[in-house]
Amino acid sequence: MAVTSTVLAAGVALTPVGPAAADPAGVQRTLDWEQSSDRTLPTAAPPQFIKQWATPYGATNITGPTRDGAHAARFELRKSDPVVSSSKRAEISQRDEQPVGADRWYGFSINLDSTWSYDTSAEIVSQWHQCDTDCPGGSPPLALLTDEGRWKIDFRGQFIDLGPYTTGVWVDWVFHVTWRTDSTGVLQVWKNGERVVHRTGATHGGGPRSPYFKFGIYKWDWNTGAPSSVTQRVLRYDALRLGDERATHADVAPQRTCSRGAPVASASATTYEAANPPANAVDGDLTTRWSGQGFGAALILDTGAVRRLCGATVAWHRGDLRWNDYTIHVSQDGVSYTKAWEGRSSGTTTAPEAVLFTPGSLDARYLKISFWANPENDWASITEAGALGL
Ligand SMILES: [Ca+2]
Ligand SMILES: [Ca+2]
């Protein structure tokens, strides 16, 4: 493990600022660089943030690639760069003004440059830093890193491996943290809509304020002289939304329209005829179908992991000739289900029709599509079904 220590930021001045105009309620700050007043780089940090870079290329505004809109930020750190706040970094920092016991949401998207090659030396690309005065020292309680070709989370010194990273693509992250020192703490992390971490218990070591957020590139080994085989790091950052205890996943998630297909690992059914098994509903072929007899007959899709789902697509056999009444329930464990949608297909098309879940989005692995009526018979017949995720 290349991650051995981190260096604390020097203390920063506390300047009270009011919250940004909130939309929706609970989102304290959107930093997607679409507002011209936020395009202050490289001279200064955007309003309400603190500058922690020392070069003209450390943090800049760019017009592409972007995660949303027409603008994003680019960070570049070189091994030869001057030390900033005791180490090698190009970061934008939140102010150290988070109240004790805060419940916070953080959504953002990161695009690692194609030059972001394997290195045994890690770098932090987002971190939650403990407060600066009268606070416990040591490493930050929570950090998102790249290390040895992989995404990793350092949660209070414990490393959570999130798999190999891919360069040149936007990766969406949502972190939800209830900053507590007792059993009421919560850490949840979603990567591209898939929930990859869910922990309860203490989330930081205490102090008079909750940890504050920083993002960009922080590579301490370039300061300490530890081995590293690269001399330059470049990434892009966009779609940052910071939410408080009133926020939801959908409020801060970078992808906020429900249109992205979620992977379906397999399908099963409560009943089916041998000629038309449930796998036929997920084979990508509108000429094959699942058919099951009886009101309440259900097709169950397994997306393979708990992820943020927001809707479904369903194509019905003879869908241009008859409507179908159906419900969609979702579940994390395949046992306990929650209703997410009910209604009627159009009856005018054999193509997949999208429906959006009534509660918005929720964490689920399984979708159960239950048939209740059509004007012809008591057979449920679905040619293709899919899940939509955030
Ligand atoms: Ca943007
Ligand atoms: Ca099919």
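Predicted model: local features only at pLDDT ≥ 70, side-chain atom pairs only at ≥ 80, totals over all residues.

Reader: Which residues coordinate the calcium ion (ligand 2)?

Author: The donors are N280 (O), D283 (OD), D285 (O), T288 (O), T288 (OG1), T383 (O) and E384 (OE). They sit at 2.2 to 2.7 Å.

Reader: How are the donor residues spaced in sequence?

Author: The pattern is N-x2-D-x1-D-x2-T-x94-T-E. D285 lies in the loop between strand 19 (266-269) and strand 20 (290-293), and E384 is in strand 26 (residues 379-389), so this pair ties together parts that are 99 residues apart in sequence.

Reader: Is E384 buried or exposed?

Author: E384 is buried, at 12% relative accessibility. D285 is partly exposed, with a relative accessible area of 28%.

Reader: New topic. How many disulfides are in the whole structure?

Author: Two. C131 pairs with C135, with the sulfur atoms 1.9 Å apart. C258 pairs with C310, S to S 2.0 Å.

Reader: What parts does the pair C258 and C310 tie together?

Author: C258 is in the loop between helix 2 (249-252) and strand 18 (260-262), while C310 is in strand 21 (residues 298-316), so the link joins parts 52 residues apart in sequence. Both C258 and C310 are buried.

Reader: What's the pairing in sequence order?

Author: Numbering the bonded cysteines of the protein chain that way gives 1-2, 3-4.

Conventions. Residues numbered from 1 in each chain as written. Chains lettered and ligands numbered in written order. Heavy atoms only, no water. Donors = N, O, S within 2.8 Å, 3.2 Å for Na, K, Ca; no water. Helix = DSSP H or I, 4+ residues; strand = E, 2+ residues; numbered from the N terminus. Buried < 20%, exposed > 50% of the residue type's maximum accessible area, 1.4 Å probe, protein only. Disulfide = S-S within 2.5 Å.
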